[in-house]
Amino acid sequence: MEALLRRRAVYVCQSCVRSARQPLWRNYSSAPPRPDIYDVVCVGGGPAGLSLLTALRANPNTSHLRVALVEAQDLSKIRSWSLPPTKFSNRCSSLTPSSVKFLEQIGAWEHMARDRVQPYQEMQVWDGVSGARIEFDWAGAAPNTGTTIAYMTENLNLTSGLLKRLEELGGVSTFDNARVENITYGEETEELDLREWPVVQLSGGKQLSARLLVGADGANSPVRSFANIEAKGWDYNRHGVVATVELEGEGWGGEFTKIAYQRFLPTGPVAMLPMPGKYSTLVWSTTPSNAALLKSLSPKDFTAMVNAAFTLSTVDLEYMHTQKSGQEEEYSWRMEHTPVDHRAVPQVVTGVQEGTVASFPLKLRHADTYVAERVALVGDAAHTIHPLAGQGLNQGQGDVQSLAKTIEYAVTHGQDIGVGMSLESYVSERYAANHVLLGVCDKLHKLYSFGSGPLVPLRSLGLSAVNALRPLKTFVMNQAAGNGMKVF
């Protein structure tokens, strides 16, 4: 056939010649068994990338796809990750019941260390200036809703469980300790025309051709750059300070009713989220200078600052941020003159785990689109959100569920999984939903950044109104938990 076309080249256009040369397998969802050609290449071995590959391998309709994982870190360390029961990593996430259900479906939940997962049933949120408060709990909520708002766990516990599940499933070509040096398009040869296929060039010289290249490679995504997809947004000029802290007890609700706390301060929200036993994870959004001070303090002074963040006035707290040391004494003196309903705030913090105090810059980013020809973005590569609602990881899990479903549909209907038309349903399902949630969190951050003025009583009135209206409050809780009708 090829020889015939060459003899008649004067009568046939070159594009027709290339089409005739292409083997029939290019029209189907599974590539031939060549070591450098894959149906799906996922760059990024975090929760989003690992969940996607696990979902594809666990589904009988997509388990035959040839898939590869590229990760710069040494994954063997994550597989064997373990800590004593009294030690916790400082990078934790709040998993909604919807995300947990997905992890159960793909078989990863059972591989996580369940004694390091802490469900919580209530949330206390209040305005640090006016004191207006909203209490999220399931008391009086609709039946069959469930009692868990979310599950706290370490990110490493999640990734370790996903890796164990992937090992159990098998069939994934893993390239860890491998840096992506470049991403280009392939070439046309006598056998194949890969000019529209992304080719990932790794630091060790390996090249991976992808029918579909998935970017799960974080906010500074090389895959997004390769696809010429812009991401718009801004920096908040805020840092998130994280730490693992120990409380004087297991919380006011006891062992079986855990409570999460969040106080909105003018410099940013501070949250105390329950971990197993007497431990909690702290996420404090504040100015870069305040973050630098917190990281420089002794354990006793840092502990005092955390307690002050939930109990003292914003004026007192601002003054304590100007002191280079001595916060423990300052806090003790000021508490003698500050009336506090102790059951409305977290139990007293008695210590901070060594080596867990750290910070990271906060920003908002949203890609202009999540797909290009033979490219799809998930997780932080597609969007970066303020942590005040704890939805960043859950957004990524929602992306993965949608993309896995989109790939399954393409496979079962004989479509090419990499072309833009096959990926369109993923964009239509996820982009608007993520955009709304990004906007809501951004507006909340800006609204509570005012320490005075007419917005303070207005926002307090709104918070009190939501707290008084059980149907509205239940609706908000269902949205946060991923239940019911989806608005964002």
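Predicted model: local features only at pLDDT ≥ 70, side-chain atom pairs only at ≥ 80, totals over all residues.
Good morning, colleagues. I begin with the chain as a whole. Its secondary structure comprises 15 helices and 20 strands. The chain has 488 residues, of which 52% count as buried. If we take the contacts between residues at least 6 apart in sequence, 75% of them join residues at least 24 apart. The accessible surface amounts to about 21,500 Å², and carbon and sulfur atoms account for 54% of that area.

What does leucine 213 contact beyond its neighbours within four places in sequence? Its partners are Val41, Val43, Ile183, Pro198, Val200, Val223, Phe226, Arg374, Val375 and Ala376.

Next, helix α5, which spans residues 97–105. The buried residues in this helix are Pro97, Ser99, Val100, Phe102 and Leu103. As a reminder, an α-helix has 3.6 residues a turn, so residues three or four places apart point the same way. Just after α5, glycine 107 adopts a positive phi of about 85°.

My next residue is aspartate 301, located in helix α9, residues 299–311. Aspartate 301 is buried, yet it has no salt bridge. The nearest side chain of opposite charge belongs to lysine 300, and it lies 8.7 Å away. Apart from neighbours within four places in sequence, aspartate 301 is in contact with Ser325, Gly326, Gln327, Glu328 and Glu329.

Finally, the surface. Which residues form a nonpolar patch there, with about 270 Å² of accessible area together? They are Phe450, Leu455 and Leu458. Phenylalanine 450 sits in the loop between α13, residues 420–447, and α14, residues 455–468. Why does phenylalanine 450 count as partly exposed? Its relative accessibility is 39%, and partly exposed covers the range between the 20% limit for buried and the 50% limit for exposed.

That brings me to the end of the presentation. Thank you for your attention.

Technical notes:
Residues numbered from 1 in each chain as written. Heavy atoms only, no water. Helix = DSSP H or I, 4+ residues; strand = E, 2+ residues; numbered from the N terminus. Buried < 20%, exposed > 50% of the residue type's maximum accessible area, 1.4 Å probe, protein only. Lys, Arg positive; Asp, Glu negative; His and termini not counted. Salt bridge = Lys/Arg side-chain N within 4 Å of Asp/Glu carboxyl O. Contact = heavy atoms within 4.5 Å. Patch = residues over 30% accessible without salt bridge, like charges linked within 9 Å, V, L, I, M, F, W, Y side chains within 5 Å. Areas by Shrake-Rupley, 256 points an atom, 1.4 Å probe, with all protein chains shown as cover.
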